Amino acid sequence: FRNPVTIPLNGREVRRVGTEMGKFYKECATSEEVAAEGDKSTDPESQSPRRRRPSIQKRDIKNVAKSFVPILGWLPSYNIKENLHGDLIAGLTVGIMHVPQGMAYASLAAVPPIVGLYSSFFSSSFYMFFGTSRHISIGCFAVASMMVGAVQMSLLPAADSINNATDVVGPLGDVTSLELTSALTLAVGIVQFVMALSRLGFITAYLSDPLVSGFTTGAAVHVFMSQVNKVFGVKMPRHSGMGMIIYMVKDIIKEIPNTNLMALAISVFGIVFLSIGRDFVNPYVKRYSKIPVPLELILVILGTVFSVLMNLKEDYHIKIVDVIPRGFPSPSPPRVSLILHLLPDAIPIAIVCYIFIISMAKLFAKKHKYRIDSAQEMYACSFFSLLSSFFPVYPVGASLSRSAVCELSGAKTLLYTVFSSALLLTVILFLGPLLEPLPMCILACIVIVSLKSLFLQVKELPRLWKISKHDFAVWTIACLATVLCNVTQGLIIAVAFAIITVVLREQWPSFADVPHTAVGSSQKIPEFAKVLKFDAPLHFANATRFIDVLQGTFNDESLPSEKVVIVDCSAISYIDSMGVDALKETHADAKRAGVSLYFAGFNDSTIQMLDNIDFFTTVPLSAFQSTVSEAANQTIVN
């Protein structure tokens, strides 16, 4: 549409000039309305001028409903023959993993084990209606559980038992542990909903892979230290704030003489059992079956049976799960009055939960070639948090281990959640009390072994050092800050440092000599020409550096007598007002120093912007060339 055209449309001719596409579409819409009005005058069934409008509105309502509740789109077209078998196997496999992991991670959040099952059941069930990823497993995971535990520790300092659901007086007054976690879940849902409405999902872009990797490795240290006392069967005082890990290590060393040898023996067996199973048994089984051996569930069953046979609680003073209520929990509204107090903790938890969900969702979507909606995933996170908060739960996200098993087990759609939730519901309603004799050290073993993949992330450091020193620094600071402070403070420090590194990279970009051999074999550069490359947009933060480096180059005695300087500007994606002034100033400085200065590689939009402000009345257009080679040819001609 760059040239004037005439387009016939429903008996009318619409003249189209230039590139004003909006006017053209408006003409089309107007023409269609006129044609529709003409049809109404001749069609006996269209006497009412509003007869056709409701069908359009219904269609729009259906589309909006499907976008917010995606299950309305895929469930009616569900292919039972192709998908049911994979969803059934994956659902039962994931459900089996949910039981021991939910109970184990609940101990990290300082809530009774049954709350971990509730949290996994409600969140995954609600996500099935609102989510767009077919393979991620929503439920308890270590990092979020640890962050919730830190909140409990700071706000309920007197709660010394995970089975303590009685009133505890803390900074918030008379509040129970479960009231606190339900209110925290509501606050997390509100934060995620506001982020979804405001389209603030882009915030997660500031949490780069090195940052998340370093942060989760540091968080794994906290998780590990919180389980060590259960392995040794000793009690430890609770710590919070900066340096808490150091105090915990000190306490563990002090308590070593009081080790419960039976608890230590059970823990060693559990860790060895899970490690051998994960590293040797499951890889072997994988050759013949997609379904892995449910190692955690087997260990839970063995531990429960052994506890009953040996009467571990009475004879060996082993701490056990003890009380698991049977039946479905009654819904009750969360304490809204706590939300304002919990918002500072809810914001980082909401972001972390969303990051784990969206990162794994994108991974599996790319692998299986289907599309996910990042905005809808944020809404899904908020909806399952808001709805779950009416039950005794705590904030959850996506588990890497369960999601990987779900995908490997052959899940095709989110219908697998029906089968995993059904298995969870069976345990909640009927089988829960059977797990009451389970030693807590067994749950600690499950948590500790699951941390192996997080600790192995330290292997990324040599690679990051070779690729980017900034990324290496971000990983290191994120890990150390999380280890030396608590999890929430570590995340805040890590994000702040990552943003600072971005600012520093923009303020002090690379601006150095480019060897002629590095310019390209097709571009022949004269030996007397000095080529420099500016590796960043030119703006207020780095304009001074741009000027200083070029002034230093102009006054450099080693500059060849021809005094030709070519600046490779191909990496300059945009220029602000101070950048424009920097170009003018450097050109004037070059002229005074008797140096021929050329700018090569500016994109078309930048050249157009400079032309619009009459820049070339000050600096000649001949000083701007499309490539370094053309700039070199210009120097030869001159």
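**Helix 8 and helix 17**

Modeller: In this predicted model, helix 8 spans residues 209-232 and helix 17 spans residues 440-450, and their axes come within 9 Å and cross at roughly 150°. An angle over 145 degrees counts as roughly antiparallel, and helix 8 and helix 17 are therefore roughly antiparallel to each other. The crossing of these two helices is left-handed. On the side of helix 8, the residues that make the contact are Val 223, Phe 224, Gln 227, Lys 230 and Val 231. Helix 17 contributes Met 440, Cys 441, Ala 444, Val 447 and Ile 448. Sorted by class, the contact of helix 8 with helix 17 has eight nonpolar residues, one polar and one charged.

A second pair can be set beside this one. Helix 4 (residues 80-108) and helix 11 (residues 295-310) have axes that come within 8 Å and cross at roughly 55°. That angle makes helix 4 oblique to helix 11. Helix 4 passes helix 11 in a left-handed crossing. Here Ile 96, Pro 100 and Gln 101 in helix 4 meet Glu 296, Leu 297 and Val 300 in helix 11. By class, the contact of helix 4 with helix 11 has four nonpolar residues, one polar and one charged.

Some loop residues complete the picture. Cys 140 sits in the loop between strand 3 (137-139) and helix 6 (142-155). Buried means under 20% relative accessible area, and Cys 140 counts as buried because its relative accessibility is 0%. Beyond its neighbours within four places in sequence, Cys 140 is in contact with Gly 102, Tyr 105, Gly 116, Ser 119, Ser 120, Tyr 394, Val 396, Ser 399 and Arg 402. Gly 102 lies 38 residues from Cys 140 along the chain, and the C-alpha atoms of the two are separated by 5.7 Å.

The loop between helix 12 (312-315) and helix 13 (339-368) holds Pro 333. Pro 333 is exposed, with a relative accessible area of 66%. Its C-alpha atom is separated by 5.1 Å from that of Phe 390, which is 57 residues apart from Pro 333 along the chain. Asp 322 is also found in the loop between helix 12 and helix 13. Asp 322 is partly exposed, with a relative accessible area of 31%. Most residues other than glycine have a negative phi. Phi of Asp 322, however, is near 80°, a positive value. Asp 614 has a positive phi as well, near 60°, and is placed in the loop between helix 25 (604-612) and strand 11 (624-625).

Last, the protein as a whole. Its secondary structure comes to 26 helices and 11 strands. Of its 638 residues, 48% count as buried. Among contacts between residues at least 6 apart in sequence, 78% join residues at least 24 apart. The protein exposes about 31,400 Å², and carbon and sulfur atoms supply 62% of that area.

How values were computed: Residues numbered from 1 in each chain as written. Predicted model: local features only at pLDDT ≥ 70, side-chain atom pairs only at ≥ 80, totals over all residues. Heavy atoms only, no water. Helix = DSSP H or I, 4+ residues; strand = E, 2+ residues; numbered from the N terminus. Buried < 20%, exposed > 50% of the residue type's maximum accessible area, 1.4 Å probe, protein only. Contact = heavy atoms within 4.5 Å. Areas by Shrake-Rupley, 256 points an atom, 1.4 Å probe, with all protein chains shown as cover. Axes fitted to C-alpha atoms, helices over the stretch in contact; angles between N-to-C directions. Parallel < 35°, antiparallel > 145°, perpendicular 65-115°, else oblique. Left-handed = near helix turned anticlockwise from the far one by under 90°. Nonpolar A, V, L, I, M, F, W, Y, C, P; charged D, E, K, R; others polar.
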